Amino acid sequence: MKAKLTFLLVPALAAALQLGPTLRAQTPVDKPARQFQMERRARWASLNDEERSKLKAAHQKAMADPAVRAARDRLRQARREFREVMRPALLKADPSVQPILEKMRPERPGRD
């Protein structure tokens, strides 16, 4: 009886030890920005063609508003200023990230 219990218990314990971490593992979570983009695409896809065209037309009209254009220009400028401050701060914090930043920089034609 004791031998049968050992023959059943040892393989069951080994299987539990091997499968345990897999069963408890969580799926990797995407970056919040990526998740936001995916949610936005899903919401856009949930609209019918008429709703999409109506929203596009309203967006184009809103973009013609000088106040909206000015706000968008301020947003672009703020992003540019942030990048101009953030990059040197990253390099100051850890100069070894220079090659990583260069690798992430987009290729632009005409840039030296």
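Which residues in helix 3 meet which residues in helix 4? Before you select them, note that this is a predicted model, in which local features need pLDDT of at least 70, side-chain atom pairs count only at pLDDT 80 or more, and totals for chains, interfaces and linings use all residues. Residues are numbered from 1 along each chain as its sequence is written, and side-chain values use heavy atoms, with hydrogens and water left out.

Start with the whole chain: five helices and zero strands (DSSP runs numbered from the N terminus; helices are H or I of at least four residues, strands E of at least two). Buried residues (under 20% relative accessible area, 1.4 Å probe, protein chains only) are 2% of the 112 residues.

Next, select helix 3, residues 49–64. At its N-terminal end, Asn48 is the cap, with a side-chain oxygen 3.1 Å from the backbone nitrogen of Glu50.

Move on to helix 4, residues 66–93. Asp65 caps its N-terminal end, a side-chain oxygen lying 3.0 Å from the backbone nitrogen of Ala67.

Now show both helices together. Their axes (lines fitted to C-alpha atoms over the stretch in contact, with angles from 0 to 180 degrees between N-to-C directions) come within 5 Å and cross at roughly 80°. The two helices are therefore roughly perpendicular (65 to 115 degrees).

Finally, back to the opening question: Ala62, Met63 and Ala64 of helix 3 meet Pro66, Val68, Arg69 and Arg72 of helix 4, where contact means heavy atoms within 4.5 Å.

Notes. Expected span 1.5 Å × (residues − 1). Polar contact = N/O pair within 3.5 Å; in protein donor to acceptor, adjacent residues only side chain to side chain. Parallel < 35°, antiparallel > 145°, perpendicular 65-115°, else oblique. Buried < 20%, exposed > 50% of the residue type's maximum accessible area, 1.4 Å probe, protein only.
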